[in-house]
Amino acid sequence: MMDKEIVISVKGLTKKFGNFTAVDHISLEVHRGEIFGFLGANGAGKTTAMRMLCGLSFPTSGSGMVSGYDIISQAEEIKCHIGYMSQKFSLYENLTVWENLNLFATIYGMNSKTIKEKTDVAFKTLGMENVQNVLVKEIPLGWKQKLAFTAATLHSPDVVFLDEPTGGVDPSTRRKFWEMIYRASSEGMTVFVTTHYLDEAEYCNRVSIMVDGHIKALDSPARLKQQYHAKTMDEVFRIVAKDAKRSD
Amino acid sequence: MNANTLKILLKKEVSLIRRNPIIPRLIIAMPILVMLIIPLVTTLDVKNVGVAVVDNDHTELSRRMITDMNASEYLSVTGCYLSYDEAFLQIEIGKADAIVTIPKNYLRDLTNGKRPELDLKANGVNATKGILGTQYATMSIAHTISQWQAEQGINLPMAKSNAMNFYNPTLDFRNYMIPALMVVLLILICGFLPALNLVSEKETGTIEAMNVTPVGRFEFVLSKLIPYWIVGILVVTVGILIGWLVYGLVPEGKILNIYLATILFSLVMSGLGVFIANQSKTILQSIFMMFAFIVVFQLMSGLFTPIASMPQWAQYITYAIPPRYFIEIMRAVYLKGASLADLWIQYLSLTGFAAALCFVAASTYKKRA
C-alpha cells in the first residue's frame, strides 16, 4: 500500500471559528484507490475537515493537496476531480432522477452521449430504470442515497468524499451501499468516508479516529485492534475516544 | 463562460419554478389582482367632503349656495347649524370635514359692493381631504355667486372665480397609477423571488452540492437572474393587457421600449435579490432585508409622490434609486409616447445599475466559506 501514489495529503490543517478550534493541526495521507475511513465522535471536526478538503471552506492554517492541487489556491481545480456527498441529502427534490444526474454530469463537463451511456449503466446496476422520470422527492430514502452517490461519482472523480452516507438507513441498504463503495474503489476511485457505524470501519483499508479536533489514531483496522488489544473496531473507538470533551 | 453549464442551469431553474405549487400562479394572479383592484381604490380624488354650514344670512342666495354645495358630487352638506359651536361639534364627532360660515347681511353687503368674507374652516387631520374640501367648497360658492349675478343682471367685483379647473381627477389619476403599478409589481416579484429562491437553496442544502462542483460563479448567478427577464415580461404583459381591456389605457409609445426597460429593471431587481440572498442565511433574514430596500424604493422613487416636491437633499438621493428611472420611462412612454432618443439618460442609467448589480451579485456569491 505504501508505495502507491498519494492523492490526499494534509499537513497541520486547522480551522478556527472565533475561539473554537474545530480542527486542530491534523495531518494525513491517503493513497490512490484506498477506502479511507474518517472516524470520530460527534463534533470531533470530521465534517469541517472534509469541507476544507473539498474547497467548501478556507483553512485557518496548514496546507494540503488533493488530486495534485493545492487546497488553498486551487479549490476550483480540485472540484473538477472530486465528488462529494454531504451528510444532508442535497439533490433537487423537484427534479426527476434523470434530471438531477444530467444536471451534475453536465456541470462536470461530460457530453450528452457519455452521460446517457453512464446513466443507463447506473440505472441498470441500481435497478432504478423505472424511476428515471420520477421526482426525487417521491423516491424512498435508500434510493435517494444511492442516487446521491451516483451523482457524486458519475464523472469518475479521483476521490469521492462521503459524509455519513449511510445515516438513517436499514442494515441491508447499508450493506448494498458498501457494495457500491467497493465497486467505485475497484474502478480506481479513492473513497474518503466518515461514519458512525464501527462495523463499516472494518470495511476500510485504513481509518483515522478524530477526537476533539485531533487525529488520535491512524492505521489499518487490523493493526489498530492489535495496538489497542481490542477485538473489534468498536472497542478501539471507545478506548481512543474515552477522553473526548466535546461529545456527550 | 460555459454555455452548456448555463443552459442546463437555466433548464433546472425553469423546471423548478414551473413545478413550484405557488410561484407560477402567483406570477399571473398577483398582477391581475393588483391591476384590477388598486387603480379603483387608490385615488387621490376626494369625494363626499362633509360640510357643516352656519347660515347667518338666511337669504335666497345663501340657501342656494347650500343647495349647490349639496348637489356637488364632491361635497355633502351635513346640515345647517345655528352657531359655529354646533357646527364644530359635527367635526368633533367626525360627521363633517369643513365648516362654511355665511356672515350676517352677506347678500346685502355683496350687492353694495362691499366684498364680504365667507369663513371656511377645515379639519386638518386628513390634510388632503381638508385642503381639497375647502377648495371644492370655494369653487362651488363662487360658481353659485356668478350664476346668481348673471340671473340678476348685475356685475359685481367679487365675480372672479378660482382658476382651478374641474377636470376629472379620477380618470387622470388612474392613468398616472397604471404604469406605476407595473413598477410596483416588478419590484416585488423580480426582487423577492430570486432572493427567496437562492436562500431556499441554502436552507435545503442543495447550494452546497452546487458549490462543491466546478460550476462557475457567473453561470450560477446568471441562471438565477435570467428567468426573471421572462417573469418580468410576463408581469408587464398582463399589466398592459388589463390596462387596455379594463381601463382603456394603451401605451402612446412603442411597447418594445417598455419591454426593453422591463428587462433592464428585472435585472436590477433580481441582481439586488441575489445580492441580498448572498448576505442571508435564512429566508427570514432575506425577506427583512429586501423590505428595507423596497420601502425606500416605493416611497422615494416618485411612485406615489412627485420627486419635484421632495426637499432638495432627498431629490439628490433619488438619483441612486433605480426604480426612479424605470418609472420615468414607463410614464413617459405610456402617457406621452416618448421614444428611446428622448429617454436615453434613463435607459443608460438603468443599464448601468443592471450591470453594477449583476456584478455585485456574482462577486458576493461565495462558493467557499
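Predicted model: local features only at pLDDT ≥ 70, side-chain atom pairs only at ≥ 80, totals over all residues.
Two residues are in contact if their C-beta atoms, placed from the backbone, lie within 7 Å.

**View 1. Contacts and burial within chain B.** Among the contacts of chain B that link residues at least 6 apart in sequence, 77% join residues at least 24 apart. Of the 369 residues in chain B, 39% are buried, and the secondary structure of this chain comprises 15 helices and 4 strands.

**View 2. Overall dimensions of chain B.** The C-alpha trace of chain B spans about 95 × 45 × 40 Å along its principal axes. Chain B has a radius of gyration of 28 Å, whereas a compact globule of 369 residues would have one near 21 Å.

**View 3. The two assigned domains of chain B.** In the domain assignment, domain 1 of chain B is made up of residues 3–42 together with 170–364, while domain 2 covers residues 49–166. The C-alpha centres of domain 1 of chain B and domain 2 of chain B lie 48 Å apart.

**View 4. The side of chain B that touches chain A.** Here 18 residues of chain B are in contact with 23 residues of chain A. Helix H1 (3–19) and helix H8 (206–211) of chain B each supply at least two residues of the chain B side, and H1(B) gives the most, with 7 residues. By residue class, the side of chain B that touches chain A divides into 7 nonpolar, 7 polar and 4 charged residues.

Key:
Residues numbered from 1 in each chain as written. Chains lettered and ligands numbered in written order. Rg over C-alpha atoms; globule rule 2.2 N^0.38 Å. Buried ≥ 20, exposed ≤ 12 C-beta atoms within 10 Å, placed from the backbone. Domains from an automatic or database assignment. Nonpolar A, V, L, I, M, F, W, Y, C, P; charged D, E, K, R; others polar.
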